[in-house]
Amino acid sequence: MREHAGRQRGRAQEFEAFVAGAAGRLLHTATLLTAEPAAPPGSNPRAQRLLTASLAVTFADWERLRGEDPYDRTRQELAARFAREAWRHHRPRGGLLHRLTPQERLVLVLRLYEGVAEEQTAALLGLPRERVRAVCNRSVATMRGTRNPAARRGPARLLGAAP
């Protein structure tokens, strides 16, 4: 009985250490995805809910990770959860990436902020590698102001190949 309690305590301490080291960056990632303002503190409730739910999944799987990077696992859960929820068409509230569609934000954040390889991003989102490259290039052009975001053709799809 004591041995089991000791393992659980150790598991909780490991997870707490992980969260202490990674939560700030993961919250920033979630804030970029949701296009909520990062300041003042507390102005990003959707990002906070997204991160909390993703961390809960990571904690539930903590013992089964076995050498897998918990940061990568949480980031994957964050991206997948964002993609599933984005269909609700939440309007951005003026965050840094508010001019981008949810798909563009997801690709841009994964590729440029998180540094996920093009192939890994494509696999995670179920998109062809060329599509990931095109979406990333389009997103960068929008952010630089060299592309008119109003010139989009229809709603962007988050997962699966889009025309």
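Helices here are DSSP runs of H or I with at least four residues, numbered from the N terminus. The model is predicted.

**Exercise 1. Locate T58 and decide whether it is buried or exposed.**

Step 1. T58 lies in helix α2, which covers residues 45–60.
Step 2. Buried means under 20% relative accessible area. T58 has 0% relative accessibility, so it counts as buried.
Step 3. Setting aside neighbours within four places in sequence, the contacts of T58 are F15, F18, L65, P70, R73 and T74.

**Exercise 2. Describe the chain as a whole: what is its secondary structure, and what share of its residues is buried?**

Step 1. The chain has six helices and zero strands. Along the sequence this reads α-α-α-α-α-α.
Step 2. The chain has 163 residues, and 40% of them count as buried.
Step 3. Take the contacts between residues at least 6 apart in sequence: 67% of them join residues at least 24 apart.

**Exercise 3. Work out which residues of α5 are buried and how they are arranged around the helix axis.**

Step 1. Helix α5 spans residues 118–125, and its buried residues are E118, T121, A122 and L125.
Step 2. Viewed down the axis of α5, these buried residues fall within an arc of 100°, so they line one face of the helix.
Step 3. The spacing follows a general rule: an α-helix has 3.6 residues a turn, so residues three or four places apart point the same way.
Step 4. On the face turned away from the buried side, α5 carries the exposed residues Q120 and A123.
Step 5. The buried residues of α5 pack against α4 (102–113) and α6 (129–144).
Step 6. After α5 comes G126, which has a positive phi near 70°.

**Exercise 4. State how α4 is oriented relative to α6, and which residues meet.**

Step 1. Two packed helices are described by the angle between their axes and the distance between the axes.
Step 2. The axes of α4 and α6 come within 9 Å and cross at roughly 95°.
Step 3. Angles of 65 to 115 degrees count as roughly perpendicular. The two helices α4 and α6 are therefore roughly perpendicular to each other.
Step 4. From α4, the residues Q103, E104, V107, L108, R111 and L112 take part; from α6, they meet R131, V132, V135, C136, R138, S139, V140 and M143.
Step 5. By type, the residues of this contact are eight nonpolar, two polar and four charged.

**Exercise 5. Find where L97 sits and which residues it touches.**

Step 1. L97 is in the loop between α3 (70–85) and α4.
Step 2. L97 counts as buried because its relative accessibility is 6%.
Step 3. Not counting residues up to four places away in sequence, L97 touches L32, A35, R105, L108, V109 and M143.
Step 4. L97 and L32 are 65 residues apart along the chain, and their C-alpha atoms are separated by 6.4 Å.

How values were computed:
Residues are numbered from 1 along each chain as its sequence is written. This is a predicted model: local features need pLDDT of at least 70, side-chain atom pairs count only at pLDDT 80 or more; totals for chains, interfaces and linings use all residues. Side-chain values use heavy atoms; hydrogens and water are left out. Buried means under 20% relative accessible area, exposed over 50%, partly exposed in between (1.4 Å probe, protein chains only). The arc is that of the directions from the helix axis to the C-beta atoms. Contact means heavy atoms within 4.5 Å. Axes are lines fitted to C-alpha atoms, for helices over the stretch in contact, and angles run from 0 to 180 degrees between N-to-C directions. Angles under 35 degrees count as roughly parallel, over 145 as roughly antiparallel, 65 to 115 as roughly perpendicular and the rest as oblique. Ala, Val, Leu, Ile, Met, Phe, Trp, Tyr, Cys and Pro count as nonpolar, Asp, Glu, Lys and Arg as charged, and the others, Gly among them, as polar.
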